Amino acid sequence: MTDVTSAKSARRPHHWRQDLIELAALFTAVVVADTIAKTVVRGAEGPFMLVFSAIALVATAAFHTWWARRRGHAPPAVDTGGGAAPPPPRSEDTAPAPAPEPVATALWRMRTTVRDTPGSLAALCTALARHQVDILTLQTHPLADGTVDEFLLRAPGTLEAGHLGREIAAAGGSGTWIERADAHDLVDTPTRLLGLATRTALDAAELPLALRQLLGRCTIHSLPAVSLSGRPTGETAPVEGVLEETVMRLRDPHGGAITIERPYLPFTPSEFARARALVELDARLGPRMPRGQDVLTLPEGSEITVRRADQRDAVAARAMHDRCSERTLGLRYHGPVGDADRYLHHLLSPRFGRTLTAQTASGRLVALGHLLWDGDETEVALMVEDDWQRRGIGSELLGRLVAMAVEAGCESVYAVTQSSNTGMVAAMRALRLPLDYQIEEGTLVITARLAAARPGNRPPHGEVPNGTSRPAKR
């Protein structure tokens, strides 16, 4: 009850002017009554004064009634103390106004080049506002002869990219590029850069993926300074890197060069500086790899440990190589391997992908699984020592490699083997993903499309070897 009373008091402000008028009227009435009383007693015109005073009192009462009613119908005063005024009464038969229907919207990423003159950006914003387009984020990339403006837009769902591009061109934009965006693009640029730097710092194999997420759709090639046959490739880059429109070349700290191509959109100096900073961070931190591992029990009861591997496991990998039969090596490499040490050193490099290994309780490597970055595509490859085949180790490694590919945002993975390699074919089919087969002169290429392996419909082996089990995510 106290709360209700205080709320009512807060909604009824005190009218001090009304009280002052009533007090003045009362004081006047007392003075008039006193004067009349003295006149009646002392003069012969007393009756006339009584009639006059009666008329005055009636007039005063009528004025007071009118004033009170006027104040009662006045609009509520504004509460400057922060209290909310009560809403006006609503008739029972008055229907509430219908809520506006939600309008379907779409997210777009747009990049356009404008002249570096006052008012050029305002013209773009005016054109966007005219079509009810909301600007969520804006980045500017200064150039020598203009400015590249990159927008994240929320536009009506009925607005087409072609029409929007024509409007931007009419407002002064040139070289306009527009594509669909998603909720991941809502993260602001500094936060996204810090996240990519953190991933690169924890795992050397993340650098190519971080560069691809930083620069959008692009092709990344890691070109070693020495080929697998031991010959110099001549691939190198200056320390400060090279930027040429749609191609940038950065010095690989492991030797050679990293070439990044994006034919549909030129790189800006800001993007070049960010990419170079990630490569320099990778060079300063040196070799590194997550230490997590999983212990698995095979159907016959044996235990194996699955973990990440890198070039520090080259000696143990070469020992496994020597224990494998010619048939096993032929199914894996499709021919003789001239320099196994150099080839394994290349495969185990985090610059070219990720490697999983299975080892026994004594520490002996018995299987290797590779996820190799091949430009825009991703290859998976397996090799299991002869005595440990047909025990499910290859399927386990393959499932984990595919989960890594899904997490990295790959659209598909492919395996190159021989048509007689029934074990690899069975392992790919066990993923329960859409598969494409191509056979040419006995070589079989099996491609798995990973759209069905996104969160909510992931492959059965959706765990990653980091010591804990978690679903794969993009």
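Which residues does T328 touch, not counting residues up to four places away in sequence?

1. A word on the model and the chain as a whole. Please keep in mind that this is a predicted model. The chain has 474 residues, and 37% of them count as buried. Its secondary structure comes to 13 helices and 16 strands. Among contacts with a separation of 6 or more, 63% are between residues 24 or more positions apart.

2. Back to the opening question. T328 touches M383, V384, D386 and Q389, once residues up to four places away in sequence are set aside. You will find T328 in helix α10, which covers residues 326-333. One of these neighbours, Q389, also makes a polar contact with T328, side chain to side chain, at 3.2 Å.

3. Is T328 buried or exposed? Its relative accessibility is 8%. Buried means under 20%, so T328 counts as buried.

4. Next, a pair of helices to look at together. Two packed helices are described by the angle between their axes and the distance between the axes. Helix α6 (residues 189-202) and helix α8 (residues 269-285) pack at an angle of about 25 degrees, and their axes lie 10 Å apart. Angles under 35 degrees count as roughly parallel, and α6 and α8 are therefore roughly parallel to each other. The crossing of α6 past α8 is right-handed.

5. Who meets whom between these two helices? From α6 come T189, L193, L196, A197, T200 and A201, and on the α8 side they meet R274, L278, L281, D282 and L285. Sorted by class, the residues of this contact of α6 with α8 are 7 nonpolar, 2 polar and 2 charged.

6. A second pair is worth a visit. Helix α9 spans residues 314-323 and helix α11 spans residues 340-347; their axes come within 10 Å and cross at roughly 125 degrees. How do α9 and α11 lie to each other? They are oblique. Here too you can look for the handedness: α9 passes α11 in a right-handed crossing.

7. Finally, the residues behind that second contact. A317, R318 and H321 of α9 make the contact with A340, D341 and L344 of α11. The contact of α9 with α11 divides into 3 nonpolar, 1 polar and 2 charged residues.

Methods:
Residues are numbered from 1 along each chain as its sequence is written. This is a predicted model: local features need pLDDT of at least 70, side-chain atom pairs count only at pLDDT 80 or more; totals for chains, interfaces and linings use all residues. Side-chain values use heavy atoms; hydrogens and water are left out. Helices (H or I, at least four residues) and strands (E, at least two) are DSSP runs, numbered from the N terminus. Buried means under 20% relative accessible area, exposed over 50%, partly exposed in between (1.4 Å probe, protein chains only). A polar contact is a pair of N or O atoms within 3.5 Å; within protein, one must be able to donate a hydrogen and the other to accept it, and residues adjacent in sequence count only if both atoms are side-chain atoms. Contact means heavy atoms within 4.5 Å. Axes are lines fitted to C-alpha atoms, for helices over the stretch in contact, and angles run from 0 to 180 degrees between N-to-C directions. Angles under 35 degrees count as roughly parallel, over 145 as roughly antiparallel, 65 to 115 as roughly perpendicular and the rest as oblique. A crossing is left-handed if the near helix is turned anticlockwise from the far one by less than a right angle, and right-handed if clockwise. Ala, Val, Leu, Ile, Met, Phe, Trp, Tyr, Cys and Pro count as nonpolar, Asp, Glu, Lys and Arg as charged, and the others, Gly among them, as polar.
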